[in-house]
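Hi,

Here is the structure I said I'd pass on. Have a look at it first, and then read my notes below.

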Amino acid sequence: MFSRGVLSCLKYLEAVPWSEDEEEKLKSLFTRYTFDKKTTEDVLGRLYPEEESTNSQPYIAVQLINSVTGCTNFSSSRRELKSLVKGLLSKSSVYEKDLAALKKEDLYQICQSCLNSLVDIFKEATDSLVHEGGSSRKVESSTQPFIERISVQVDNIKWLFEILAEQQMAEEFVNIWAEQDALLAMHKMVSPMVRYEVSRISASVFIALGKGMLLCPSEYRCGVFRTWFGPMLSDYGWLQRCRKGLDVKVLEESMGQALLMLPMKHQHELFMEWFESYSKHGAKCPNLSSAFQIWWRRSFLRGSKSHTVEVEAPES
């Protein structure tokens, strides 16, 4: 009678929903007591994943990321899924996981695919400009406008960069972004209304560098500024107008701080480029005045006699 009673209880437990607290209680119960295997296999099947499923966790994570980046338009569900996946993979997540199982190579492969798509869209955009100048106009190969397609890929890349930074794997991305020569060449050819989205990626990198979230070699930092600082100055007015959550004050502070982390000779070139741009465009250019003053003091005043202010004692 007792065995039949236990079997009846186990069958009932397997057939009803559990809360997470009840699930933990059941796990504790099965660690303390041993029941007949045939009797408990259904309940245990709900409590513990199969070993094969556990081993496939990193592949599932890659599938989830691919599913998000494969979306071709913006929607509330896409935003929710991005937040959900990023939260599950976050180091602060309450869910147990093997963080090392998510391979850097897999994330960078997805990231490179998004970068390739972004370059292809820019090629289409520049090709359309060439045809507009002739007798015929090239029709877009997609029903989506260029700006929308570019926005989706930029959003994907920024999201992947955030995941890489969370996993402390983002340093290599800085170098990859610095080497986008083809994209840089096309950036100059298209309308600011289309191209400014690309500077959102640069903004994320500059903010991460300025806040010390990335510990990159000097050549990576110099490279990304050498490539994308000029386009940032050109696109800043559009970034201010269409912020999409970007805090421009944080961007300005971080850019200034990141510039001051470069070797002095590079600081000189970039600060002079900024000064010229700021004198022409004013508020449509990032305000790096505070960082510029620090650079000036470090370069020309510190240690000089003119920097030392002597206060004479009043005559008695």
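Let's start in helix H14 (residues 248–259), where glutamate 252 and lysine 249 are three residues apart, so about one helical turn separates them. Helices here are DSSP runs of H or I with at least four residues, numbered from the N terminus. The two side chains meet in a salt bridge, at 4.0 Å from N to O. By that I mean a side-chain nitrogen of Lys or Arg within 4 Å of a carboxyl oxygen of Asp or Glu. Glutamate 252 is buried, with a relative accessible area of 10%, while lysine 249 counts as exposed at 54%. The cut-offs are under 20% for buried and over 50% for exposed, with partly exposed in between (1.4 Å probe, protein chains only).

Before you go further: this is a predicted model, so local features need pLDDT of at least 70 and side-chain atom pairs count only at pLDDT 80 or more, whereas totals for chains, interfaces and linings use all residues. Residues are numbered from 1 along each chain as its sequence is written, and side-chain values use heavy atoms, leaving out hydrogens and water.

The whole structure has ten of them. Glutamate 172 is partly exposed at 36%, and lysine 104 is partly exposed at 34%.

Another joins arginine 195 and aspartate 235, at 2.9 Å from N to O. This pair also links distant parts of the chain, 40 residues apart: arginine 195 is in helix H11 (residues 192–195) and aspartate 235 in helix H13 (residues 218–241). Both residues are buried.

What about the surface? Ile60, Leu64, Leu81, Leu84 and Leu88 make a nonpolar patch of about 390 Å². Patch residues have over 30% relative accessible area and no salt bridge; nonpolar side chains (Val, Leu, Ile, Met, Phe, Trp, Tyr) are joined within 5 Å, like charges within 9 Å. The areas come from the Shrake-Rupley method with a 1.4 Å probe, and for residues only the protein chains shown count as cover. Helix H5 (57–69) and helix H6 (76–89) each supply at least two of the patch residues, and H6 gives the largest share, three residues. Leucine 88 sits in H6 and is partly exposed at 32% relative accessibility.

Cheers
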